[in-house]
Amino acid sequence: MIKCTLIGALCALLFSTIAVAQLTESQQAARDKGLVLYQQSDWHDSQPLLQVAAAAGDRTAQYYLAEAIRLSKRYTTVEARKWYEAAAEQGDLYAMLRLSNSSDLCHQMGTCTGKAGPEWRKNALKLAHERAEQGDTEAMTVLYTASQGLGWLEKAAEAGDSYAQKLLAGVYEDGGGWFFIPGNRQKAVKKWFKASAEGGYPLGMFSYANYLFENNGSKEEIGYWLKKAAEGGHIGSVSTYALHVAHIPNGFGYPIDLIKGYGLTYLISKFEGGGAGGGAGIADFGKKSLVKIAAKMTPDEIKQGVAFAEEWEKTHPPLSYFVPVYGY
């Protein structure tokens with residue numbers, strides 16, 4: 001498994017609004033490593049680590065442990081429900097939504113026991129409205145997720161939530177919302193992707209770079225945001241940035257840097273994340289790309305590339321797919 005460094009920075013970005021239990025140093029380390037593996041779509045290896053913090057009462061670990069179990073089994077098992085309920089009892093809104101999901105296969109499997117789904121949904125909406133009225137943007141996003149209206153997501157975006165901004169841009173891009181003047185839709189899509197990128201959300205940076213690429217943006221601006229997303233740990237951006245830095249191809253005007261390109265591709269080749277992210281496929285792609293880059297390098301330069309990779313791991317967030325809180 002790829003070494004996890006700067007774990008705290010990634011977790012602060014992804015889970016800054018979520019309360020955590022008082023954990024020992026070892027419990028905190030297990031929680032953080034488990035969250036990183038989860039964000040790498042490793043539904044299996046993340047579970048024993050998340051279990052350590054979940055058993056200690058950490059509601060974030062409880063929710064993501066339940067998610068990892070559900071995703072690995074493809075439905076909400078008795079064990080997954082146990083942890084959703086533990087997180088929900090501590091006020092986790094997304095856990096409440098999972099427990100109220102009427103389409104989950106657990107209904108066919110007979111594992112949907114405990115408090116009824118409608119009751120969990122009622123609790124979730126009540127608590128979310130209370131928090132939203134106090135300015136909680138996560139609660140606003142939850143209300144949108146619970147089909148309470150696009151206006152809640154728009155409020156969260158307007159309040160500066162970079163996750164909500166990226167989500168809203170995608171909704172508009174897919175035809176959601178209403179615009180009196182047709183051209184204003186594209187303006188809004190660009191506005192919110194850009195806002196998410198400027199807000200520091202790596203997946204927002206990648207999405208904005210992709211939007212610019214598809215809409216004839218300048219290669220300099222695309223290259224700027226692709227680099228920023230790579231520096232933030234977004235795995236797709238790291239892979240793409242590495243190849244362009246190595247001029248395979250040179251699409252965004254980067255000066256050629258074979259050592260950096262090799263180093264970053266080396267990281268990709270060692271990636272073992274699984275699940276929906278397809279870690280094995282990405283690693284294979286990295287290995288094939290390494291051969292192409294290495295063909296331009298001397299043995300000493302290749303060694304420097306490996307050293308660059310080791311230093312990058314120490315100074316940048318771990319690779320991540322930035323899995324949505326309530327997705328899949």
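Student: How are α16 and α18 oriented to each other?
Tutor: Start with the axes, which are lines fitted to C-alpha atoms, over the stretch in contact for helices, with angles running from 0 to 180 degrees between N-to-C directions. Those of helix α16 (residues 258-269) and α18 come within 7 Å and cross at roughly 60°. Angles under 35 degrees count as roughly parallel, over 145 as roughly antiparallel, 65 to 115 as roughly perpendicular and the rest as oblique. So α16 and α18 are oblique.

Student: What kind of model is this?
Tutor: Residues are numbered from 1 along each chain as its sequence is written, and side-chain values use heavy atoms, leaving out hydrogens and water. Local features need pLDDT of at least 70, side-chain atom pairs count only at pLDDT 80 or more, and totals for chains, interfaces and linings use all residues, since what you have here is a predicted model.

Student: How many nonpolar residues are in the contact of α16 with α18?
Tutor: Contact means heavy atoms within 4.5 Å. Among the residues that meet are Ile259 and Leu267 in α16, and Ile302 and Trp312 in α18. Ala, Val, Leu, Ile, Met, Phe, Trp, Tyr, Cys and Pro count as nonpolar, Asp, Glu, Lys and Arg as charged, and the others, Gly among them, as polar. Here 3 are polar, 3 are charged, and the nonpolar ones come to 10.

Student: And how do α9 and α10 run relative to each other?
Tutor: The axes of helix α9 (residues 137-145) and helix α10 (residues 150-158) come within 7 Å, crossing at roughly 155°. That makes the pair roughly antiparallel.

Student: Which residues of α10 does α9 meet?
Tutor: On the α9 side you'll find Thr137, Met140, Thr141, Leu143 and Tyr144. Their partners in α10 are Leu150, Trp152, Leu153, Lys155 and Ala156.

Student: Is His316 buried or exposed?
Tutor: His316 sits in the segment after α18 (299-315). Buried means under 20% relative accessible area, exposed over 50%, and partly exposed in between (1.4 Å probe, protein chains only). Because its relative accessibility is 16%, His316 counts as buried.

Student: How much of the protein is buried?
Tutor: Helices (H or I, at least four residues) and strands (E, at least two) are DSSP runs numbered from the N terminus, and the protein has 18 helices and 0 strands. Of its 328 residues, the buried share is 51%.
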